[in-house]
Amino acid sequence: MSWFAAIAPNLRSPGERHAIVTSLEDEWWVIFCVRERRMITGCGAMSTNDGVVEVPATDEWRRLAEHYQAVGPRHLRQFFADDPGRGTRMTATAGDLYLDYSKHRVTDETLAALMAVARRAGVEERRDAMFAGRHVNTTEDRAALHVALRMPAGTRLEVDGQAVVTDVHRVLDRMGALAEAIRSGRWTGHSGRRITAVVNIGIGGSDLGPAMAYQALRDYAMADIECRFVSNIDPVSLYSETLDLDPATTLFVVSSKTFTTLETLTNASAARQWLLDGLGTGAEAVARHFVAVSTNEGAVREFGIDPANMFGFWDWVGGRYSFDSAIGFSLMVSIGPQAFADMLAGFHLMDEHFATAPLEANMPVIQGMLNVWYNNLFGAETHAVLPYNQRLARFPAYLQQLTMESNGKSVRRDGSPVWGQTGEIFWGEPGTNGQHAFYQLLHQGTKLVPVDFIGFARSTHQTGEQQDLLMSNCFAQAKVLAFGRTAEEVAAEGTPAGLVPHKVMPGNHPSSTIIAPLLTPSVLGQLVALYEHTVFTEGAIWGIDSFDQWGVELGKVMAEQLAPALTSADAPDLSGQDSSTAALVGHYRALRHQGDRGDRGDRGDRASRGQPVSG
């Protein structure tokens with residue numbers, strides 16, 4: 001069977017954005033990108049100068065594609081009928097995590113073919129290069145060494161002449177000392193009162209990670225200190241998070257590597273004004289109420305923060321991989337240095353598993369290759385993560401940045417176009433909430449959405465049978481997604497004939513189930529590292545740089561260029577703007593000025609017009 005015959009069925013799928021066509025008569029291969037109507041040609045399964053393997057031209061990928069043609073149409077009911085023991089065999093264990101991937105549309109032959117592709121694409125070599133500190137972030141010519149953030153003290157790793165693990169633990173020790181001083185009450189605010197609220201100001205990885213982890217580990221948090229998180233430049237964000245706080249007992253943690261990030265510095269400046277207005281003091285109070293996570297000592301000092309209370313991190317730490325660095329200082333204050341160390345140990349445990357386990361038993365590699373299977377052969381475009389634990393409510397949002405900022409790329413490391421779909425759209429909600437929202441589409445809709453269920457054997461707040469009922473829902477949803485309910489089964493229940501089609505559940509929807517004993521700091525670290533390395537595996541297959549994010553930068557630059565047109569008192573020159581942007585700016589300015597005139601009225605008039613009266 002030719003490669004074209006193997007992949008051709010996908011061309012008929014409305015959801016398929018890319019297809020791959022090749023001729024087996026000779027060594028030439030052709031990639032046709034349906035979305036952009038262009039062709040890329042090459043010869044053989046060669047690697048580029050940057051070590052990018054032309055995966056679709058390899059024998060391993062051809063065999064996988066032909067295998068897909070054979071097993072793709074099969075139903076999970078048939079998979080289990082043919083292989084009753086798969087439910088106990090298709091599992092993997094790493095640390096405290098147990099992965100059941102038996103409800104995927106794969107056989108042992110599929111898994112062997114996927115691992116052969118992983119080896120041919122150089123997943124192991126690229127993984128080893130990352131752990132060794134080589135510059136795997138090629139477009140920025142730097143290492144991607146987040147794994148060093150959780151290496152034990154004494155580990156020897158030198159990168160670009162620096163003993164990076166020594167540097168990491170020097171910062172961790174300083175963080176721990178200040179965190180303990182705040183927790184114990186030895187550190188006080190300007191008026192001598194102890195700190196009772198820590199407000200983290202950051203955006204992107206400087207917010208999503210620590211905010212997710214704080215919510216996940218609330219049961220390990222110090223009751224006397226509350227953490228809050230401000231990221232959005234929307235003035236309502238800072239207002240709502242400080243509305244009921246006392247400036248005398250509030251500490252701000254400003255996280256910005258360069259200390260120039262527009263959103264973060266705008267919010268930090270507003271927070272400083274809120275503090276000084278509330279205390280009725282001069283700028284000397286700032287040093288007792290602000291801590292910085294940055295590398296720009298001059299800007300930090302100019303802001304009023306004592307550089308002794310500044311914690312640095314390194315250019316080999318990407319923002320979305322950073323909450324286990326100094327970016328997690330607010331989290332450390334909340335849960336304490338020991339629990340933070342336990343979390344780092346959990347990260348490291350999964351790192352070691354990823355670095356040493358054979359691919360066939362390697363949990364992140366299994367997850368990553370299953371994602372490639374659905375993304376590039378079935379044409380799936382989204383991926384749901386459904387934690388059956390309310391503490392993980394922000395975990396899907398955290399994964400959105402981790403996965404989509406990392407693998408949302410359309411060119412490979414060598415600058416050539418990608419050969420197929422890259423990063424999936426990640427989304428999700430916790431537990432039974434989602435069941436009463438979007439599960440209808442999962443069960444009876446037309447989309448193929450691979451799902452990760454995440455559950456725990458015990459709850460941090462055990463009450464009667466609630467945890468058992470929660471997990472029974474988790475297991476039941478995975479079962480129904482896989483096996484569904486046939487028309488015959490529905491009719492056998494006495495359902496009226498006209499209603500039978502409406503109650504049929506087609507099933508055949510793939511899912512993984514991840515189970516852990518309890519959501520602890522260590523288990524959270526293991527979960528996050530699992531997904532970090534899953535992302536890495538997929539990026540290695542696609543040949544992309546999973547560690548840059550140039551797509552984020554252009555919007556920032558253009559926003560800074562456009563801001564004066566919105567803030568200037570005089571009418572701006574919009575001749576250089578497109579007609580849509582110019583019209584939007586004009587309409588915004590008219591509404592803004594109209595609102596400014598309305599603000600001159602009394603508060604009662606504002607309330608009568610439905611406008612807010614506080615702020």
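## Contacts and the overall fold

A contact here means that heavy atoms lie within 4.5 Å. Among contacts in the protein chain between residues at least 6 apart in sequence, 70% join residues that are at least 24 apart. The model is a predicted one, in which local features need pLDDT of at least 70 and side-chain atom pairs count only at pLDDT 80 or more, while totals for chains, interfaces and linings use all residues. Residues are numbered from 1 along each chain as its sequence is written, and side-chain values use heavy atoms, with hydrogens and water left out.

The secondary structure of the protein chain comes to 24 helices and 16 strands, where helices (H or I, at least four residues) and strands (E, at least two) are DSSP runs numbered from the N terminus.

## Surface and interior

Of the 615 residues in the protein chain, 52% are buried, a word that stands for under 20% relative accessible area, with exposed meaning over 50% and partly exposed the range in between (1.4 Å probe, protein chains only). The chain exposes about 26300 Å², of which carbon and sulfur atoms supply 53%; accessible areas come from the Shrake-Rupley method with a 1.4 Å probe, and for residues only the protein chains shown count as cover.

Leu-554, Val-557 and Met-558 make a nonpolar surface patch of about 290 Å². Such patches are made of residues with over 30% relative accessible area and no salt bridge, nonpolar side chains (Val, Leu, Ile, Met, Phe, Trp, Tyr) being joined within 5 Å and like charges within 9 Å; a salt bridge is a side-chain nitrogen of Lys or Arg within 4 Å of a carboxyl oxygen of Asp or Glu. Met-558 belongs to helix H22 (residues 550-567) and counts as partly exposed because its relative accessible area is 47%.

Thr-58 sits in the loop between strand E3 (38-43) and helix H2 (59-71), and at 2% relative accessibility Thr-58 counts as buried. The side chain of Thr-58 reaches the backbone oxygen of Val-55 at 2.7 Å, and the backbone nitrogen of Trp-61 at 3.1 Å.

## Cysteines and Gly-298

A search of the whole structure finds zero disulfides, a disulfide being a pair of cysteine sulfur atoms within 2.5 Å. Cys-227 is buried at 5% relative accessibility, and Cys-474 is buried with a relative accessible area of 1%.

Gly-298, in helix H11 (residues 297-303), is partly exposed, with a relative accessible area of 47%. The C-alpha atoms of Gly-298 and Phe-259, which are 39 residues apart along the chain, are separated by 9.4 Å.

Technical notes
A polar contact is a pair of N or O atoms within 3.5 Å; within protein, one must be able to donate a hydrogen and the other to accept it, and residues adjacent in sequence count only if both atoms are side-chain atoms.
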